Amino acid sequence: MSVNSKQYICINLDCEIHKDEIVFPKQRDCYACKHPLVEKKRELTLTEDDKEIITNYPTVIALPFYEFITNNEDSAFDKITRLKDVYEISLRYLALLVISEYFNIEIKNKDR
Ligand SMILES: [Zn+2]
């Protein structure tokens, strides 16, 4: 299955097609209940590292990372751009920590 192939499901809760979780490759009406099929969103499988970043990292890093791993509709270029954003924001955050540590450290040159 290619990355961009879409899957369609019946969302009618009373329908046998829905209960059997049958997916279709094309958008059409359901064979059983005649409701229009709806595109199935890709299931999100988070690794332990993903969960660690999303729950414990600062929001300025966690939010773009969450958007990077959850947004499957974007093109590959958009995906790379989101990853670049996560990397850039992480570097800026670390730079901010270093600068703040520098201004708060006891042993620094007071002549300047
Ligand atoms: Zn149906």
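The legends below describe close-up views of a predicted model.

**View A. Packing of helix H2 against helix H3.** Helix H2 (residues 48–56) packs on helix H3 (residues 59–70) at an angle of about 140 degrees, and their axes lie 8 Å apart. The crossing of the two helices is left-handed. On the H2 side, the contact is formed by Asp50, Ile53 and Ile54, and on the H3 side by Ala62, Phe65, Tyr66 and Ile69. Six of these contact residues are nonpolar and one is charged, with no polar residue among them.

**View B. Packing of helix H3 against helix H4.** The axes of H3 and H4 come within 9 Å of each other and cross at roughly 170 degrees. Because angles over 145 degrees count as roughly antiparallel, H3 and H4 are described as roughly antiparallel to each other. H3 contributes Val60, Ile61, Pro64, Phe65, Glu67 and Phe68 to the contact, while H4 contributes Arg82, Leu83, Asp85, Val86, Ile89, Ser90 and Tyr93. By class, the contact of H3 with H4 comprises nine nonpolar, one polar and three charged residues.

**View C. Helix H4 along its length.** Helix H4 spans residues 76–104, a run of 29 residues. From its first C-alpha to its last, H4 reaches 42 Å, close to the 42 Å expected at 1.5 Å a residue. The helix is hardly covered, as the count of buried residues among its 29 residues is zero.

View D. Arg28 is placed in the loop between helix H1 (16–19) and strand S2 (38–39). Arg28 is exposed, because 10 other C-beta atoms lie within 10 Å. The C-alpha atoms of Arg28 and Cys10 are separated by 9.8 Å, although these residues are 18 residues apart along the chain.

How values were computed: Residues are numbered from 1 along each chain as its sequence is written. This is a predicted model: local features need pLDDT of at least 70, side-chain atom pairs count only at pLDDT 80 or more; totals for chains, interfaces and linings use all residues. Helices (H or I, at least four residues) and strands (E, at least two) are DSSP runs, numbered from the N terminus. The expected span of a helix is 1.5 Å times one less than its number of residues. A residue is buried if 20 or more other C-beta atoms lie within 10 Å of its own, exposed if 12 or fewer, and partly exposed in between; C-beta atoms are placed from the backbone. Axes are lines fitted to C-alpha atoms, for helices over the stretch in contact, and angles run from 0 to 180 degrees between N-to-C directions. A crossing is left-handed if the near helix is turned anticlockwise from the far one by less than a right angle, and right-handed if clockwise. Two residues are in contact if their C-beta atoms, placed from the backbone, lie within 7 Å. Ala, Val, Leu, Ile, Met, Phe, Trp, Tyr, Cys and Pro count as nonpolar, Asp, Glu, Lys and Arg as charged, and the others, Gly among them, as polar. Angles under 35 degrees count as roughly parallel, over 145 as roughly antiparallel, 65 to 115 as roughly perpendicular and the rest as oblique.
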